[in-house]
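These are my notebook entries on one structure. I looked up the ligand site first, then a helix, then the backbone.

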Amino acid sequence: MAQPEFDDAKHSSGALVASEEGESLTSKLPRREGWWRPLFLFQGSWITPQVLNSAMLVQAQFKPRADDIILATYPKSGTTWLKALSFVLANRSRHTVTGDKHPLLFQHPHDLVPTLEVPDRALRPVAELEARPSPRLLCTHLPHAFLPSGTSSLRCRIVYLCREPKDVLVSLWHYVNKMRPDFFIEFDRAFELFVQGISFYGPIWDHYLGYWKQSVTDPDRVLFLKYHEMMADPTKHVKMLAEFLGVPFTREEESANVPEEVVKLCSFDHLKGLPVNSVGRSDRIGGLPMDNSSYFRSAKVGDWRNHLTEEMANKLDCVIEEKLKGSGLIF
Ligand code: A3P
């Protein structure tokens with residue numbers, strides 16, 4: 001992320017100063033309405049001023065460590081699942097996967113792995129991320145180019161999970177319409193914006209390509225996963241993920257079916273049914289309490305068939321195919 005005019009010293013005083021700067025910065029940027037907040041085009045990505053502020057604070061204050069692991073996703077691509085799986089895998093020497101006191105049984109996956117760019121920094125000051133012991137498991141929706149400088153040179157590992165774009169759109173549409181009682185976007189309108197690349201952190205194809213290219217040139221540093229492939233064979237992917245996170249399964253664990261137990265513990269049906277994920281509301285981004293259940297809808301591969309006409313599906317497929325052409329990334 002090329003640095004905007006930005007004064008580190010000023011920003012150490014907190015989110016308010018950054019918020020004023022973010023607002024004056026965004027006032028000069030292309031702006032589009034339609035989603036639940038206006039989006040601004042900053043360095044090729046559509047972003048809210050709140051997230052831009054937060055990303056700038058992270059750029060200024062966050063110090064990456066070589067053993068950081070960053071889980072990166074485009075929103076609604078399976079972030080919650082990836083957080084759950086990675087947390088369970090990385091912490092299984094401390095928390096037995098089958099134990100009845102496992103943190104995942106009592107804490108929402110989003111509360112177990114912090115997100116770098118929380119829109120309201122007061123909810124999670126960067127200092128709190130700094131205070132976390134190594135190795136840190138962190139999460140982000142930021143495009144690759146916006147990651148804190150140093151993550152590349154330090155060779156922090158990144159796990160990127162992507163999803164079939166039509167299913168992302170459907171999941172996103174359901175989600176944003178739960179965000180505020182006074183907001184509703186028609187599916188057709190959401191579709192038109194999405195096809196033009198105008199959606200949170202979008203265009204989605206650029207988000208995908210940013211991480212995809214890194215995974216092709218540096219596969220030891222960036223693991224690129226696809227949601228529908230993980231759904232088709234979760235155990236294989238859990239083993240792959242464990243290997244990448246530096247905590248491969250031992251022979252004893254394999255014989256004791258620990259990989260299968262991880263899959264079960266983190267499965268959609270299991271997580272969705274837990275009280276911590278099905279009851280109550282939490283404000284994880286600032287000023288926007290969401291039902292804890294809103295991260296667990298249907299988890300179906302191909303749910304787009306229930307929402308898009310054939311014409312819409314063809315249109316989006318063509319755009320995605322064109323944008324990804326030559327990259328080797330296909331859906
Ligand atoms: P649907 O809306 O299609 O059901 P994110 O976590 O990035 O916000 O993505 C949310 C999507 O992931 C939702 O998709 C949600 O149902 C699905 N999901 C949540 N937990 C999951 C899990 N454990 N396994 C598979 N999919 C999951």
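**Ligand site.** I began with the polar contacts, that is, pairs of N or O atoms within 3.5 Å, where within protein one atom must be able to donate a hydrogen and the other to accept it, and residues adjacent in sequence count only if both atoms are side-chain atoms. The side chain of Thr-79 places an N or O atom 2.5 Å from an oxygen atom of the ligand. For Thr-80 I found a polar side-chain atom 2.5 Å from a ligand oxygen, and for Gly-78 a polar backbone atom 3.1 Å from one. The ligand taken alone exposes 560 Å², of which the protein buries 97% (Shrake-Rupley areas, 1.4 Å probe).

The model is predicted: local features need pLDDT of at least 70 and side-chain atom pairs pLDDT 80 or more, whereas totals for chains, interfaces and linings use all residues. Residues are numbered from 1 along each chain as its sequence is written, and side-chain values use heavy atoms, without hydrogens or water.

**Shell.** Helices here are DSSP runs of H or I with at least four residues, and strands are runs of E with at least two, numbered from the N terminus.

**Helix 13.** Which residues of helix 13 are buried? With buried meaning under 20% relative accessible area, exposed over 50% and partly exposed in between (1.4 Å probe, protein chains only), I listed Val-258, Pro-259, Val-262, Val-263 and Leu-265. They lie on the same side of helix 13, because they cover an arc of only 165 degrees around the axis, taken from the directions from the helix axis to the C-beta atoms. They pack against helix 4, helix 11 (234–245), helix 12 (251–255) and helix 14, with contact meaning heavy atoms within 4.5 Å.

**Backbone.** Most residues other than glycine have a negative phi, and most peptide bonds are trans. I noted a cis bond from Ser-134 to Pro-135, omega near -5 degrees, and another joining Gly-202 and Pro-203, omega about 0 degrees. Lys-76 has a positive phi near 70 degrees and is buried at 15% relative accessible area. Asn-257, in the loop between helix 12 and helix 13, has phi near 60 degrees and is partly exposed at 40%.
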